Each structure stands twice: as C-alpha cells, then as structure tokens.
Amino acid sequence: MSIPTVAIGALGGTIASTSNAHDGSEIVPTLSAERLAAAVPGLEELAEVRAETLAQLPSPSLDEPTVMRALRWAQAAVDAGAVGVVLTQGTDTLEESAYLLDLFWDRPEPLVVTGAMRSPQAAGADGPANLLTAVRCALAPASRGRGVLVAFDDEIHQARWVAKTDSMSTSAFRSPVFGPIGRCVEAEIVYGVTAGRPAPLPPPQDEGADPRVPLLATYLGDDGHVLDALSPAGIQGVVIAGFGAGHVSAAMAEAVGRKSSELPVVFASRTGSGPTGRAMYGYPGSEIDLLARGAIGAGWLSPVKARLLLWALLATGPADAARLRAEFAARGTP
Ligand code: ASP
C-alpha cells in the first residue's frame, strides 16, 4: 500500500544544533533535514519523507528573503505531490516566519512549522516529538484549508496569533487570547474550531522585494527622537510597539504625525495580548490621536506580526493609505 508524501525542509535552530564540547554546551546548527527525520521513531511508516536542508541558521539570522525562498520551496513540494509540508527552524523567530509564510501560503495543503527548545543531545530532547506532531498535522485531512500552522508541545496554533512566550520552557508557545486551535492526542490531530483564514496575498511581482520596515518599541519618557532620526530615504514604513492599547507619549505623538506624512506608520500594542484601541482615549498619544495623525492601528496583531504584514503589503503593492488601512482592518481582526 502506498503512503502519502510529506516534505520536510530544515532551516536550522536548536532542533538541528549539536555540540562538540563534552558538556554539550555551545551548540550550533549542524544537522541536515535527513538527520532530523531519521531521529523520529516510526516516521517511515507514516509517510514517505522528502527531506531538504534549506539553511543551517540560528533563527535570529533568518530574514524575509530566506523565508520567501522557503515558501517557494514548500509550494514546489506540494506541486510535486506532497500532501503537506513541514518546516523546522529555530524558535526565536518562529512566530514571525510562520506568519510571513501564512500571508502568502496559497494552497489547501497544510504547511506546519516546528522547532525545539532542547537540542538533540540534551536529555529529553523535544525535537523528535515536535517533528512527529508536525508531520501528523501535515498529514491530517482536518488540517487542510487552515493555512500555516505551528505544532509545538502537542499543541497546534494558528500562525497569526502564536507567540514565543518563554525563553527556556519546552512549552514556549502560546496564542494569547485565542489559544491553540488543536491538539495532538494519542497520535490523532483534533481541532476545536473549524477551518478558515484570510485570503492569501498575491506573490510579490519582484521576487527580490525586501522593503525596509523597522520596529520601534516606545518607553517611559520617549520624546520621539529615535523615530524622527529615521530617514524616509532609508525605510519604507515603520511600526511602533506602543503602551497598552497602542499609546505613546505626547511628544512621540508629534513625531508619529511628522513621520506619517512621509511614509506608513503602524502602531501596535507592546503588551503581548489584546488589540489596539480605536475609540476610547482622546489624549495626545492615544489611539484616537494617532489615528487622526494618519497612523494605522495593528488591531490584534503583535508588533512583530504587524511589521511583517506591512512588509508584505509594501512588497506586493502601493503604499496607498486606504489600501494599507483596509488590509490591517481585515487581517488584524480574528
Ligand atoms: N533558541 C533558539 C531555538 O530554539 C535558537 C534559534 O532560534 O535558532 O531554536
């Protein structure tokens, strides 16, 4: 009997990291996708695996062009017959890559991202278990039509909402407010919500498009001088991680107004949970004030995801305020 094909692409990270030191310290990404697949007990009975090493990077050194190359590789794997695709990478930026992939993933087949918090040589390494869950998720018919998923510690999360919320724990991923959408239980993938997602964006016309969109976090006493120092010649947009529901100081609000007249400025909440406001506060630097000054609210998107949405919109079309506002309204709400 033939078994389905799953493609596994490896980008590096702790899941692929080994050490030459006798105490297992100073790990760096070294393992190939084949080696990762070979470490999962019983994988060959579940699926025919096509494994490919796409990069061997610590995830802080991944970037948008590398993720877009992984996207095209995953699309080609589905075109070649894979029923689903798994990408392994470092956990530090996993929430960002998964969301960028999701903005453009235009297939019903699942694309599942996973990683590990403990390296393969560590006692209780979690990589093989996470990879097995990710493959099961990629194989499950119930995963179809859900876009990009993150499988970690037996939970399944939507790319839009998942965040790394712990620097060391093996249950490092959560989806604030909305929670995981599924679980892997006794080898079965079970979903608690029906499939559905915003339509994917068209691919960038220019495969090399890489707009520069910095993210600034505001802070007590921020007078806006860092935002003012950003030259509009060197960037295409900017995202601000604001206090609470997206607020900034009165002085920073002035800087937001100046920058908004030059390029798109998006404000998000730095709290890690909950949306930006729309109509509650009226003081200088409040959401009402920032919207009036031309800035765009990120809604429920975290600052890093708002930055990627702005990157993707600028890579695929004009920096037209009405377009950007409409896309943030549609993609920033559940
Ligand atoms: N600590 C990271 C990881 O879990 C390292 C990285 O993101 O590459 O993989």
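Glu 26 sits in the loop between β2 (17-18) and β3 (28-29). Strands here are DSSP runs of E with at least two residues, helices are runs of H or I with at least four, and both are numbered from the N terminus. Glu 26 has a phi near 55°, a positive value in a residue other than glycine. At 73% relative accessibility, Glu 26 counts as exposed. The cut-offs are under 20% relative accessible area for buried and over 50% for exposed, with partly exposed in between (1.4 Å probe, protein chains only).

This is a predicted model: local features need pLDDT of at least 70, side-chain atom pairs count only at pLDDT 80 or more, and totals for chains, interfaces and linings use all residues. Residues are numbered from 1 along each chain as its sequence is written, and side-chain values use heavy atoms, with hydrogens and water left out.

Asp 154 also has a positive phi, about 70°, although it is not a glycine. Asp 154 lies in the loop between β7 (148-152) and β8. Its relative accessibility is 38%, so it counts as partly exposed. Most residues other than glycine have a negative phi.

## The eight-stranded sheet

Eight strands form an open sheet in the order β4-β1-β5-β6-β7-β8-β11-β12, with mixed pairing. Its edge strands are β4 (48-57) and β12 (188-191), each pairing on one side only. From one strand to the next, the twist averages 25°. Axes for such angles are lines fitted to C-alpha atoms (for helices, over the stretch in contact), and angles run from 0 to 180 degrees between N-to-C directions.

Two strands pair if DSSP finds at least two bridges between them. Strand β8 (residues 155-158) pairs with β11 (residues 182-185) in the antiparallel sense, over two bridges. Ile 156 has Gly 182 in β11 as its bridge partner.

## The four-stranded sheet and β15

A four-stranded open sheet runs β13-β14-β15-β16, with parallel pairing. The edge strands β13 (215-217) and β16 (296-297) each pair on one side only. Strand β14 (residues 238-242) meets β15 in the parallel sense over five bridges. Gly 242 has Ser 269 in β15 as its bridge partner. Strands β15 and β16 run parallel, joined by two bridges. Phe 267 stands opposite Gly 297 in β16.

How many residues of β15 are buried? Five of the five are, so β15 is largely enclosed by the rest of the structure. Val 265, Phe 267 and Ser 269 point one way from β15, while Val 266 and Ala 268 point the other way.

Tyr 281 is found in the loop between β15 (265-269) and α8 (287-292). Tyr 281 is partly exposed, at 35% relative accessibility. Met 280, Tyr 281 and Tyr 283 make a nonpolar surface patch of about 330 Å². Patches use residues with over 30% relative accessible area and no salt bridge; like charges are joined within 9 Å, and nonpolar side chains (Val, Leu, Ile, Met, Phe, Trp, Tyr) within 5 Å. Accessible areas come from the Shrake-Rupley method with a 1.4 Å probe; for residues, only the protein chains shown count as cover.

Ser 286 lies in the loop between β15 and α8. Ser 286 is buried, with a relative accessible area of 0%. Its side chain reaches the backbone oxygen of Tyr 281 at 2.9 Å. A polar contact is a pair of N or O atoms within 3.5 Å; within protein, one must be able to donate a hydrogen and the other to accept it, and residues adjacent in sequence count only if both atoms are side-chain atoms.

## Ser 169

Ser 169 is in the loop between β9 (163-164) and β10 (173-174). Ser 169 is partly exposed, at 25% relative accessible area. A polar atom of its side chain lies 3.0 Å from the backbone nitrogen of Ser 171. Ser 169 and Met 117 are 52 residues apart along the chain, yet their C-alpha atoms are separated by 7.0 Å.

## Salt bridges

The count comes to twelve salt bridges. Each is a side-chain nitrogen of Lys or Arg within 4 Å of a carboxyl oxygen of Asp or Glu. Arg 72 pairs with Glu 207, the closest N and O atoms being 3.5 Å apart. Arg 72 lies in helix α3 (residues 64-79) and Glu 207 in the loop between β12 and β13, so the pair ties together parts 135 residues apart in sequence. Arg 72 is partly exposed at 27%, and Glu 207 is exposed at 55%.

Lys 259 and Glu 262 meet in a salt bridge at 3.4 Å, N to O. Lys 259 is buried, at 4% relative accessibility. Glu 262 is partly exposed, at 44%.
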